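Let's take a walk through this structure together, one part at a time. Please have the sequence and the 3D view ready.

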Amino acid sequence: MNLHAVWAIYVYEMNRFFRTLMESLLSPVISTSLYFVVFGAAIGSRIEQVEGVSYGAFIVPGLIMLSVMTQAISNASFGIYFPKFIGTIYELLSAPANFLEIVLGYVGAAATKSLMIGVVILFTAQFFVELEIRHPLAMLAFLGLTCLSFSLFGFIIGIWAENFQQLQIIPLLVITPLVFLGGSFYSISMLPPLWQTITLFNPVVYLISGFRWAFFGQADVPVGLSLLAITGFTALCLALIWLIFRTGYRIKS
Amino acid sequence: MAPIVDVQGLRKVYKGGFEALRGVDLVMEEGEILALLGPNGAGKTTLISALCGITNPTSGRAKVAGHDIVSDYRAARRMIGLVPQEVALEPFERVINTVRFSRGLFGKPRDDALTKRLLQQLSLWDKRRSRTKELSGGMKRRVLIAKALCHEPRVLFLDEPTAGVDVELRRDMWQIVEELKKSGVTIILTTHYIEEAEAIADRVAVINRGEILLVEEKEALMARMGRKMLRIDLNEPAAEVPDDLKGYDLELSDDGRSLTYHYDTHGERTGITSLLQALSAAGMSLNDIHTRQSSLEEIFVDLVKEDAA
């Protein structure tokens with residue numbers, strides 16, 4: 001195992017993050033605050049409690065998930081896309097490092113960054129609503145796993161993308177709708193029965209449900225299922241990345 | 001002693017069927033400088049890319065310092081440093097960080113003393129805190145060299161190191177290569193500046209259309225393939241080559257003021273003595289004579305032309 005390589009990539013990527021620390025942290029914090037103002041205060045004050053939780057608090061787990069998923073994807077995809085774009089990828093390919101080491105470096109850094117952003121948003125939320133976390137360890141586990149799996153997913157997008165437009169398209173076209181329709185702002189039980197069934201095909205539902213359970217002790221789907229879903233997604237991404245490096249897809253000719 | 005680079009029957013067929021390498025064999029001894037000469041698209045970069053792991057060879061095998069580049073890629077790649085043809089650097093990173101990054105990537109722990117020595121040697125130490133985008137083109141190339149050397153490789157691939165750099169920097173680059181050779185690093189350098197190969201290489205390999213046409217000591221190649229030329233300047237312009245001299249392979253210049261005679265340096269007799277006697281017998285008075293040896297460039301052009309025919 002070439003641990004020096006993992007560490008070198010990790011440090012390099014984290015440096016990139018700290019170079020633009022203000023921008024990296026400020027934009028998710030501001031956008032989340034806007035959600036709180038609009039949904040929590042303006043609209044939320046007219047909505048009754050959802051499952052015994054005030055609406056402002058109810059949307060916190062979903063909002064954190066929304067930011068964390070988008071940030072993980074954009075960080076990880078950009079991290080590996082940029083070397084392809086400027087040509088420095090030659091160094092990674094010629095290094096005595098295998099796919100696992102390269103992925104650990106890039107994805108580890110992207111996951112760390114999104115975790116930091118998630119934690120900052122959680123603190124920001126404290127300014128708007130009163131929050132009590134029932135299962136802090138489970139909350140951290142869900143948060144960590146989400147950061148990890150979506151960073152892996154972002155890494156795949158970064159390798160697949162051939163231009164900056166493609167880099168944006170998956171987060172915009174797939175992730176945002178899935179998160180919005182995945183119960184970030186409502187409980188599944190509020191939907192008509194047919195839509196409840198359809199929603200169960202949305203993988204994000206399981207993540208948000210599990211995460212919300214860690215906060216309030218209530219879930220739309222069983223917690224075990226949520227855990228299974230996120231582990232499965234992580235495994236799927238890892239398998240895909242392994243395949244990419246094996247075949248050299250879009251990085252090696 | 002086992003060769004430091006040992007390539008046997010290396011082939012590369014790109015998707016779409018283009019055969020960039022058609023069974024390349026190449027053996028290199030430790031500490032030598034090999035210039036890989038070839039026209040654009042001959043397969044120079046593909047060969048380097050295949051050895052460094054940037055592209056997968058279709059068949060054949062290669063060893064670097066005794067390690068197979070596929071089955072034992074980690075050990076093989078630790079031995080290799082690569083300076084790519086295109087200047088590719090993360091623009092916002094600082095010089096010293098990007099060099100440290102490369103060392104880590106190749107599995108070596110941070111070594112500040114070594115990094116400092118290397119940056120000083122490449123005149124980059126004063127620029128270590130600069131972002132790479134702030135550097136001039138020549139400085140960027142030096143950074144690439146520093147990145148390639150910071151993990152102490154035993155074989156260095158320089159892919160067109162002086163393409164598009166000014167004369168002064170080219171001389172500096174040659175100096176750097178010379179110093180590396182002294183420290184025992186084996187260097188493979190691709191170039192299409194023949195002058196460069198002539199100046200620094202020990203051996204020359206000519207590659208064309210994916211095949212190595214020849215590998216030979218530079219001096220031996222120039223002696224073997226080289227032809228010499230004798231130019232004779234005349235005091236009085238001549239209208240034509242006198243009949244008595246028709247037996248010699250002589251060319252008269254358009255103004256009639258000089259004669260050119262080609263001869264083989266390896267012939268038992270060059271024919272110069274008898275030619276000069278014949279000239280004086282024909283009553284021609286000579287003003288000056290020059291001899292010139294054909295350059296590597298002319299040899300190279302001849303070889304590639306022959307291959308195309």
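A few words on reading come first. This is a predicted model, in which local features need pLDDT of at least 70 and side-chain atom pairs count only at pLDDT 80 or more, while totals for chains, interfaces and linings use all residues. Residues are numbered from 1 along each chain as its sequence is written, and chains are lettered from A and ligands numbered from 1 in the order in which they are written. Helices (H or I, at least four residues) and strands (E, at least two) are DSSP runs, numbered from the N terminus.

Let's begin with helix H7 of chain A, which covers residues 136-160. From its first C-alpha to its last, this helix of 25 residues reaches 36 Å, close to the 36 Å expected at 1.5 Å a residue; the expected span is 1.5 Å times one less than the number of residues. H7(A) is mostly covered, with 18 of its 25 residues buried. Here a residue is buried if 20 or more other C-beta atoms lie within 10 Å of its own, exposed if 12 or fewer, and partly exposed in between, with C-beta atoms placed from the backbone.

Further along chain A you will find helix H10 (residues 203-216). Its 14 residues reach 20 Å from first C-alpha to last, close to the 20 Å expected. H10(A) is mostly covered too: 13 of its 14 residues are buried. After H10(A) comes Gly217(A), with a positive phi near 80°.

Why does Ser74(A) count as buried? Ser74(A) is buried because 21 other C-beta atoms lie within 10 Å. Leaving aside neighbours within four places in sequence, Ser74(A) is in contact with Gly154(A) and Pro171(A), where contact means that the C-beta atoms of two residues, placed from the backbone, lie within 7 Å. Val120(A) is 46 residues from Ser74(A) along the chain, and their C-alpha atoms are separated by 18 Å.

Next, see where the chains meet. In this region 21 residues of chain A are in contact with 27 residues of chain B. On the chain A side, helix H1 (3-19) and helix H5 (89-94) are the elements that give two or more residues. The largest share, seven residues, comes from H1(A). By type, the chain A side divides into 10 nonpolar, eight polar and three charged residues. In this grouping Ala, Val, Leu, Ile, Met, Phe, Trp, Tyr, Cys and Pro count as nonpolar, Asp, Glu, Lys and Arg as charged, and the others, Gly among them, as polar.

One sheet of chain B is open and has six strands in the order E6-E7-E8-E3-E9-E10, with mixed pairing. Two strands pair if DSSP finds at least two bridges between them. The edges are strand E6 (80-83) and strand E10 (211-217) of chain B, each pairing on one side only. From one strand to the next, the twist averages 15°; axes are lines fitted to C-alpha atoms, for helices over the stretch in contact, and angles run from 0 to 180 degrees between N-to-C directions. Helix H10 (residues 296-308) of chain B packs on this sheet, touching E3, E9 and E10, and its direction makes about 35° with that of E9(B).

Another open sheet of chain B has four strands in the order E12-E13-E11-E14, with antiparallel pairing. Its edge strands are E12 (250-252) and E14 (286-293) of chain B, and its twist averages 20° from one strand to the next. Three bridges join E12(B) to E13(B), and Glu251(B) stands opposite Thr260(B) in E13(B). Seven bridges join E11(B) to E13(B), with Ile232(B) partnered by Leu259(B). Seven bridges also join E11(B) to E14(B), where Met229(B) has Arg292(B) as its bridge partner. E14(B) is hardly covered: the count of buried residues among its eight is zero.
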